Amino acid sequence: MLQAGYLEDWVWNATLSGAPQGGVVSPILSNIYLDRLDRFVETVLIPEYTRGRIRASNPAYKRVESALRRARNQGDRAAARHLRYTRYADDTLLGFTGPKAEAEQIKTRLAAFLRDDLALELSPEKTLITHARTQAAAFLGYQITVQHDDRKVTRGYRRANGTVGLRIPKTVIKANCAPYLKRGKPTHRPELTGHDDHTIVGIYGSRYRGIVQYYLHAGDVFRLNRLEWVMKTSMLKTLAAKHRSTVTKMADKYKTTIATPNGPRRCFEATIERAGRKPLVARFGGIPLRQQRKAALTDRNPAPSAPRPNELVTRLRAGRCELCDQRAKIEIHQVPKLADLTRTGQPPPAWAQLMAARRRKTLIVCTHCHDTIHARQPATTTLTP
């Protein structure tokens, strides 16, 4: 993987250094290489810049905790300092309770270790020292702060003060809304109108779920109601464009209510019935936008590109005539152009109206219906699967 190279404008280039950007194995390679950084921080920096370590509750720890509390109350920061460390692949975060001068020392020593021992350079733009109470540190798509709110009182105490809080960056909401906006307003996605309704609702629903589930740990997850409204409106406009209908009619057709741990919630569902099996259900929404500290990601976010259309295969497998709705041996009736359906100057027959309404040049029909169609319009073509 380190020597595989990379493609740029369909031209192969050699890999001179580093792991492949965005490769699925990149986090594993980072963990292997940065294990030395972990050991340096855990065995050198943390013991040096920490006074008292959090352990299981015992008398010795209680004495240290009391000493730390007294030091904080007396303003003795040198005696009440802590250093915490966490890393995911090459994203690293250190939390330090202590003077800014020592935070600068830690940064300098980290830069020296990475340069001298691992031949890596700290990015000046990304390696920042932030005051957690007045600023926010960026880590894995979240903003991390230390909360302070004298007005929030729980059971007689200001319990929010001094606790770590997670927030959703405004840029995340803006970036995820952007693909569904045009001139600041939600718009339809023309590349999705060729799919069936179940697939359209499923694409919007899974993308929305992936974002929401990732940010359910944030205290301000309610801010995603903007994304929900934008994606919901875009989805309904896409369905309306597909059926040449209106947003209101599409909403009335697919809206439903489901039960959640936080009570009933409105969502949208598209269902495909299957004989002898459970129906296929695609859902958008219905997720309470409330903080869940133990939330887990249970759904995958699909690739940004639209999936390969497979509607014709699905229609064929159904084995049902789309004109008389009977199960029988099926055939495909096809016309060269949709415009041919209305060129006769007379009211088109039912089969032509159905194809025009669906904006499809193909119609899945039984043999009897197919013979009837060709008896009235023999110029069309026939394909038998």
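## A tour of the predicted model

Select D9, which is in the loop between β1 (6–8) and β2 (11–13). Helices (H or I, at least four residues) and strands (E, at least two) are DSSP runs, numbered from the N terminus. D9 is exposed because its relative accessibility is 69%; exposed means over 50% relative accessible area, buried under 20%, and partly exposed in between (1.4 Å probe, protein chains only). The phi of D9 is near 55°, a positive value in a residue other than glycine. Most residues other than glycine have a negative phi.

This is a predicted model, in which local features need pLDDT of at least 70, side-chain atom pairs count only at pLDDT 80 or more, and totals for chains, interfaces and linings use all residues. Residues are numbered from 1 along each chain as its sequence is written, and side-chain values use heavy atoms, with hydrogens and water left out.

**Next, A89.** Select the loop between β3 (82–88) and β4 (91–97), where A89 is placed. Phi of A89 is also positive, near 55°, in a residue other than glycine. Is A89 buried or exposed? A89 has a relative accessible area of 10%, so the residue counts as buried.

**Then T145.** Strand β6 (residues 142–146) contains T145. T145 counts as buried because its relative accessibility is 6%. Beyond its neighbours within four places in sequence, T145 is in contact (heavy atoms within 4.5 Å) with A132, Q135, A136, T163, V164, G165 and R167.

**The nonpolar cores.** A nonpolar core is a set of buried Ala, Val, Leu, Ile, Met, Phe, Trp, Tyr and Cys residues joined through side-chain atoms within 4.5 Å. Select I168, Y204, Y208, L224, M235 and F284: of the 36 residues in the largest nonpolar core, these touch the most other members. At least two residues of this core come from each of α5 (170–177), α6 (197–214), α7 (225–243), α8 (247–254), β11 (263–274) and β12 (277–285). A second, separate core has 14 residues, including L34, L37, F40 and L45. In soluble globular proteins, nonpolar side chains tend to be buried together.

Stay with I168 and show its surroundings. Which residues does I168 touch, not counting those up to four places away in sequence? They are Q143, I173, Y215, A218, D220, V221 and L224.

**The three-stranded sheet.** Select β10, β11 and β12, which form an open sheet in the order β10-β11-β12 with antiparallel pairing. Two strands pair if DSSP finds at least two bridges between them. β10 (255–260) and β12 are the edge strands, each pairing on one side only. On average, neighbouring strands of this sheet are turned by 50° against each other, direction ignored. Axes are lines fitted to C-alpha atoms, for helices over the stretch in contact, and angles run from 0 to 180 degrees between N-to-C directions.

Zoom in on β11 and β12, which are joined by seven bridges and run antiparallel. E269 stands opposite R283 in β12.

**Last, the cysteines.** How many disulfides does the structure hold? There are zero disulfides, a disulfide being a pair of cysteine sulfur atoms within 2.5 Å. Select C369: its sulfur is 3.5 Å from the closest cysteine sulfur, in C366, so the two are too far apart for a bond. C369 counts as buried, at 9% relative accessibility. C267 is also buried, at 1% relative accessibility.
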